[in-house]
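Work through the exercises below with the model open. Each task is followed by a stepwise solution.

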Amino acid sequence: MGFILIFGVSALLGITLGANDAGNVFGTAVATRFVRYRTACVLTFIFVVIGAVLQGSKGIETLSGITPQNVNTSVLVGFVVGIVGFILSLLGQPISLSQAVVGGLIGLGLSQNKVEWEILWKVLICWAFTPLGAGIIAIICYKILFVFLSHLRMGILTRETLIRRGLLLSGVIGAYSLGANNVANTVGMFSGTIKDVSNMELALLGGVFIGIGVLLFSKPVMMNVGKGIVILDGFSAFVVVLSSSVTVYIFSLVGVPVSTTQAVVGAIVGIGIHHGVHTLQFKVIKDILLSWLVAPIACLVFVSAGYAIFINK
Amino acid sequence: MFFKAQNWVEKRVDEYCNKSEECVKLGMQVLLGCIGAEECESWKEIASNVHRAESRADDLRREIEYFIFQRSLFPESRGDILALLEKFDQIPNQVQQTVKMIVEQQINIPEFLRSEVGSIASITQRCVDMTIKGVGMLFSEFREVLEILGQIDAYESEVDKIQSDAIIKVFQSDLEPARKILLRDLINSISEISNHAEKVGDFMRIMIVKRMI
C-alpha cells in the first residue's frame with residue numbers, strides 16, 4: 001500500500017515538475033521557433049532520465065536530510081506539493097517545485113519540531129544564488145559568445161544554423177541538469193522510507209515521471225517563459241538556455257535541488273539588463289515572483305494542517 | 001539536413017540575383033540604345049527578353065518563398081529573406097516598366113538630354129550591381145555588406161542630382177508640353193530604379209544591425 005501511494009505521489013510530482021520545469025530547458029528555443037516542440041519534448045525526456053540516474057542521488061540525500069520522514073509524512077508532503085504545483089501549472093504559472101517541496105518539508109519539520117537547520121540554510125543560500133548566478137553567467141556568456149560569433153565570417157543562414165545547433169546542444173545539457181538536479185524534488189522525501197529501494201532506483205522512477213510530464217503538459221509554461229518577460233532573438237535564447245543549464249548543473253554538483261524556472265528567469269533578466277532595462281516587462285516579472293512565493297507558503301501551510309489533521313491526531 | 005536546406009536557399013537566391021541582374025542589364029541596353037537611335041522599334045526583341053528575365057526572377061522568388069514556408073525553415077531569417085526579395089523584386093519590375101514605356105510610347109530622347117539620361121542609366125546600373133553584390137554577400141559574409149551600403153547610397157544621391165538637373169533642362173527647353181511630360185516621366189522612371197536599390201540597401205542594413213546586437 002505504502003509503495004503504491006509513493007508511486008502515485010511521485011507520478012503526480014514528476015508530471016507536475018515535467019510540465020513546469022522542463023519547459024525551461026527548451027522554452028526559449030521553442031518559443032522562438034528554433035526547435036520544434038516535439039523534438040524538444042523527446043530530447044528532454046531522454047536526457048532528464050539519464051541525468052536523474054547518473055547524478056540525481058546527491059540531491060535526494062540533501063532533501064531527505066531536512067527532516068525525518070516515514071511513508072505517511074512523505075506521502076503527505078508529496079501529495080500537497082503535487083496538488084499545489086499541478087493547479088498552478090494548469091494556470092500557466094511557472095512555479096518552483098523545489099521551493100514548494102522544501103516549503104512542505106519545512107511545514108512538516110516545524111510540525112514535528114525537527115528541522116535540520118544547517119541543511120536548510122545551505123538550500124536557502126543556493127536558492128538565492130540561482131537567479132542571481134544565472135543572470136551573471138548569462139551576461140558573461142553573452143559577451144564571450146558574441147565576440148566569438150562576431151569574428152566568424154559567415155552568412156545570415158549559417159549564423160542561424162549555428163544558433164539552432166547551439167540551442168539543441170544547450171537544451172540537451174539543460175535536460176540532463178534538470179534530471180540530475182530536480183529529480184530529488186519528486187522522490188527525495190521518499191528516500192529511506194521503502195526497504196530495498198535505492199536512491200538510484202528512485203531517481204529512475206522520478207526521471208521517467210518528469211519525462212511524462214514534459215511530453216504531456218509542458219507547452220503552456222514553455223510559451224510563457226519563452227516569450228513573456230522579454231522578446232528574445234535566437235542568439236539570446238541560446239545564451240539563456242546555456243547559462244541556466246550551467247547554473248543548474250553547478251548546483252547539482254553541490255547537491256542542492258534548485259529551481260530551473262528561477263535559473264531561466266534569472267538568465268532572461270540578465271539578457272534583458274544587457275540589452276537595456278527598458279526591454280524588460282516588469283509586470284510579467286512581478287507575476288512570476290509572486291507565483292514563486294505562493295507555492296512554498298501554500299505547501300508549508302497545507303502540510304502543517306495535514307499533519308495536524310491526519311497524522312498527529 | 002540544415003545545411004542542405006541552407007545550400008538550396010542560397011543557390012536559389014543567387015540564381016534570382018543573376019536573373020535580376022540580366023534583366024537590369026538588358027533594360028539598360030535598351031535604354032542606352034534608344035538614346036542614340038531615331039526610333040526604338042528595333043529594340044522590341046530585347047525588351048521581350050527583359051520581360052522573360054523578369055518573369056523568371058519572379059518564378060524563382062516564389063519558389064524560394066514556397067520552400068521556406070513549406071518546410072518551416074529559418075524562423076529568424078525567413079521573414080527577413082522574404083521581405084528582402086519582395087523589396088528587391090521592385091528593381092526588375094521598375095526596369096521592365098521603364099523599358100515598356102520607351103518601346104510602347106516610342107520616346108525619343110533629344111540631343112541636349114542624352115548625356116544626362118546616359119549618366120543616370122550607367123550610374124543606376126552600377127547602383128543595382130552593388131545591390132546585387134550586397135544581397136549575395138548577406139549569405140556569405142553579412143557584416144561586410146555594410147561597406148557596400150554606403151556606395152549604394154552614394155550612387156542613389158548622384159542619380160537624384162542628375163535627375164533633378166535633367167528635369168529642369170527639359171522644362172527650360174522649347175519642346176512641346178506633352179513631350180516634356182513624357183520625358184519627365186521617363187527620367188523619373190529610370191531614377192526610380194536606384195530608389196528601389198536604396199530601399200533594398202536600407203533593409204539590408206536593418207537585417208545586419210539586428211544580427212550585430
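**Exercise 1.** List what A:Thr62 touches, leaving out residues up to four places away in sequence.

*Solution.* Apply the contact rule: heavy atoms within 4.5 Å. A:Thr62 then touches A:Ile119, A:Val123, A:Gly255 and A:Val256.

The model is predicted: local features need pLDDT of at least 70, side-chain atom pairs need pLDDT 80 or more, and totals for chains, interfaces and linings use all residues. Residues count from 1 along each chain as its sequence is written, chains are lettered from A and ligands numbered from 1 in the order written, and side-chain values use heavy atoms, without hydrogens and water.

**Exercise 2.** Is A:Thr62 buried or exposed?

*Solution.* Take the cut-offs: buried is under 20% relative accessible area, exposed over 50%, partly exposed in between (1.4 Å probe, protein chains only). A:Thr62 has 10% relative accessibility, so it counts as buried.

**Exercise 3.** Describe the interface of chain B and chain A.

*Solution.* Start with contacts: 24 residues of chain B meet 24 residues of chain A. Then take the buried area (accessible area, 1.4 Å probe, lost on putting two parts together, summed over both). It is about 2200 Å², with 54% on carbon and sulfur atoms. Now count salt bridges (Lys or Arg side-chain nitrogen within 4 Å of an Asp or Glu carboxyl oxygen). There are three between chain B and chain A. A:Arg153 and B:Glu141 form a salt bridge through their side chains, at 3.0 Å, N to O.
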